[in-house]
Amino acid sequence: MRSPDSNELSPRAVAALACLAAVAGLLTIFSSVRMLWTIWRTDDLKSMGMVVPFVCAALILREWRRLGWETQGTWWGFAVLALSAALMFLRDQTLFIVTINKDWLLQIPPLPLVAVVYAAGMVLLFGGKRLLRAAWFPVLLMWAVIPVPQTFSRYIDLPLQHAAASVARAFAHALGQQLTQDKLRLMFTPEFGMFIAPGCNGIRGAITLGLAAIVVAYLYRFRWFVFAPVVIGAVLLGYLFNFLRLCLLVVYYKIALGHTWWQNHARQADLVIGGCLFVLALVIFFAVADRLRRDPEDVLPEPAPATKPQRPARPFLARVAAMLALSAIFGVEAIHALRVEARYEAERPTPAGLPQHIGSYDLVRTWTDTTLEGTVVYLWGEYALPTAPNSPHISLGLSPQLGVHDAEVCHIARGEDPTWHGQIAAPSPGGEIDLTAAAYNNGVTQRLEASSVCDAGTCRQYSETTQHVTLLYARPHRDLPMTADRTRPVPVLLKVESLDVLSPTAVVEPRLAAALKQFLAQANLVQITAPYMLR
């Protein structure tokens, strides 16, 4: 693994050790890696982000090879990685979310920023500032691990879905086929037709071509005035060929009306038509890009050849060892979390239940909110005052499995805007409780929801709101050292409703808040949530 000079490493050893350290270093941001993996597997629109880290790694190694695998790294890279690992660990123990105009929400720090910082830290640690200057593009390209933001679906994806349906419907009418009036459904017969789903609007193909165009334009060293049109053209080409695919699919459905075998293979035909058109789009794109590449005015000059590289063994091996040690420290926590999760999933305990009486309140009924996979999101209990039948009922929800989160964020993600937002502090037998509260009016009821996080003997969650920006946060639920206790925070959600939907929120919210505080004055949430805190 050493070069003839025993004090220097061979290029193969440098690349292998750096890749090993980079892979092991993912343990320092393990939670972010898991979140990205979940997003890639469950969101088709963002699944293309899965290939971005591999492409960026290949481009960084390509630039490093041009520099002769020199190892003039700096310990500042290690400082960046260690700080980011500590911040990720802190983020996993708390809640910190920013919403803007109730349309855009972001958990701090965002996952793309984590990816960029991690790549920059690795490049600085092993290649130094010179490699960072040479590989700035693939480092920044790591932002594309999530190719499109969450609000993209609302403002671009959904309108394109309707546009795709309109194009397909208009083409079907041009062929003389009478269709139903469903906006996204084209039924050629009562049992045979096509549905224009979000995946049919060409956005995935356009994103794929756009990312490919970015990488190709970088590799071909196009100047900026060529770079931008090439990328934009590739995205438009993806949309154009998708509309062509929908039209050809309409033709296929028209022909298949009299043939049962063709109708049974309509899905396969869609895949074949789409695949062929996508390959054709790639051929056209690369043909145009190669033609532009031949024009010297469109291409940047090649970088100057590298001087004789220096690859001293000891400093480089010391940085590798430091990175592996940092990975081991945070890896212990990650492995422990995986084992606990696996054991918990295998045993999956039945929720411990809610108390039958809380002060003078009696439990009226219970129910659970669960995901399709069976995960219990909230265990609910409805409480009422038997001595005051007309008083509002209080719904108490405990999350026995999920980590810290905020209920208002879920409402915002579903497009439900609160009519009021604020902070509630209420005394209780277990100490003062700080809750983030929001009111909603759906035309049937006015509802006040208040959420908190119970842990370490307290229940606390905070929110700060300006005219356009809302900041939601909770304090860390445990100490930072790895030897801290193995308890988990328990999210708590309380709801109280009123049938008065005509009165303004400024009138109804104080009444609902008073009823909620009356309940909390008798509810020891710390004691109630204690059975759910053990990991």
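# Notebook: salt bridges, rings and a surface patch

I started with Arg511, which is partly exposed, its relative accessible area being 44%. The model is a predicted one, so I read every value below as computed from that prediction.

**Entry 1, around Arg511.** I looked for a partner and found Asp500, in a salt bridge whose closest N and O atoms are 3.4 Å apart. Arg511 belongs to helix α15, while Asp500 sits in the loop between β15 and α15, 11 residues away. Asp500 counts as partly exposed at 24% relative accessibility.

How many salt bridges does a search of the whole structure find? I got seven. One of them joins the side chains of Glu449 and Lys495, at 3.9 Å from N to O. Since Glu449 is in strand β11 (residues 446-455) and Lys495 in strand β15 (residues 490-498), this pair ties together parts 46 residues apart in sequence. Glu449 is buried with 5% relative accessible area, whereas Lys495 is partly exposed at 23%. I also noted a network of salt bridges linking Arg62, Glu63 and Arg66.

Arg365 makes a salt bridge with Glu382, with 2.6 Å between the closest N and O atoms. Arg365 lies in strand β6 and Glu382 in strand β7 (residues 376-384), so the pair ties together parts 17 residues apart in sequence. The charged end of Arg365 also sits over the ring of Trp367, 4.1 Å from its centre. Arg365 is partly exposed at 44% relative accessible area; Glu382 is buried at 14%.

My search of the whole structure gave 12 aromatic pairs. Trp136 and Phe137 are an edge-to-face pair, because their planes stand at 90 degrees, with ring centres 6.0 Å apart. Phe137 is buried, with 10% relative accessible area. Trp136, Phe137 and Tyr218 form one aromatic cluster.

Tyr361 and Phe519 are edge-to-face as well, with centres 5.1 Å apart and planes at 90 degrees. Tyr361 is in strand β6 (residues 361-370) and Phe519 in helix α15 (residues 505-520), so the pair ties together parts 158 residues apart in sequence. Both residues, Tyr361 and Phe519, are buried.

I found a nonpolar surface patch made of Val279, Leu280, Val283, Ile284 and Val288, with about 410 Å² of accessible area together. Val283 is in helix α12 (residues 266-293). Of its 535 residues, 46% are buried.

Note on methods. Residues are numbered from 1 along each chain as its sequence is written. This is a predicted model: local features need pLDDT of at least 70, side-chain atom pairs count only at pLDDT 80 or more; totals for chains, interfaces and linings use all residues. Side-chain values use heavy atoms; hydrogens and water are left out. Patches are made of residues with over 30% relative accessible area and no salt bridge: like charges are joined within 9 Å, nonpolar side chains (Val, Leu, Ile, Met, Phe, Trp, Tyr) within 5 Å. Accessible areas come from the Shrake-Rupley method with a 1.4 Å probe; for residues, only the protein chains shown count as cover. A salt bridge is a side-chain nitrogen of Lys or Arg within 4 Å of a carboxyl oxygen of Asp or Glu. Helices (H or I, at least four residues) and strands (E, at least two) are DSSP runs, numbered from the N terminus. Rings of Phe, Tyr and Trp (its six-membered ring) pair if their centres lie within 6.5 Å; planes under 30 degrees apart count as stacked, over 60 as edge-to-face and the rest as tilted. Buried means under 20% relative accessible area, exposed over 50%, partly exposed in between (1.4 Å probe, protein chains only). A charge sits over a ring if NZ of Lys or CZ of Arg is within 6 Å of the ring centre and within 35 degrees of the ring normal.
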